[in-house]
Amino acid sequence: MKCTLSELKSKEVINIKNGNRLGYIDDAEIDTSEGRVLSFIIYGRARFFGLFGREDDVLINCEDIQVIGRDTVLVSAEEIEVTKIEKFELKSLYK
C-alpha cells in the first residue's frame, strides 16, 4: 500500500500496548543520505491557546508501526519517546 504524508496526517495514531490515543501525524523525520523515513512526529498540544507554548512532541519510530489502516495508524511501543524537537533555524543566503 502506498500512502502520502498528507494522507497520513488524517489518520489517528493509537498505541496498542495501552490503548492511548497519541494524536495525528504532523511531520516526518527523513534520512536524506539513505532516502528513508526514520520516524513520524506528533506535535504537542498548545497550552492555553498557545500563549504558554505547547507540550513536548511525540516521536514515533517506523519500527514501532504495526498497521497503517484506512483511518488509524497502530503502533506497538512500551514507551513512546516524548521530546523537544529543535526547529531548524533559517539561515540567510546573503551575508
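I take buried to mean under 20% relative accessible area, exposed over 50% and partly exposed in between, with a 1.4 Å probe and protein chains only. By that rule, buried residues make up 26% of the 95 residues in the protein chain.

A note on the source: this is a predicted model, in which local features need pLDDT of at least 70, side-chain atom pairs count only at pLDDT 80 or more, and totals for chains, interfaces and linings use all residues. Residues are numbered from 1 along each chain as its sequence is written, and side-chain values use heavy atoms, leaving out hydrogens and water.

Fold. I find one helix and eight strands, in the order α-β-β-β-β-β-β-β-β from the N terminus. These are DSSP runs numbered from the N terminus: helices are H or I with at least four residues, strands E with at least two.

Aspartate 31. This residue lies in strand S3 (residues 27-31). Aspartate 31 is buried yet has no salt bridge, and arginine 36, the nearest side chain of opposite charge, is 4.7 Å away. A salt bridge needs a side-chain nitrogen of Lys or Arg within 4 Å of a carboxyl oxygen of Asp or Glu. Beyond its neighbours within four places in sequence, I see aspartate 31 in contact (heavy atoms within 4.5 Å) with Arg36 and Leu38.

Methods:
Lys and Arg count as positive and Asp and Glu as negative; His and the chain ends are not counted.
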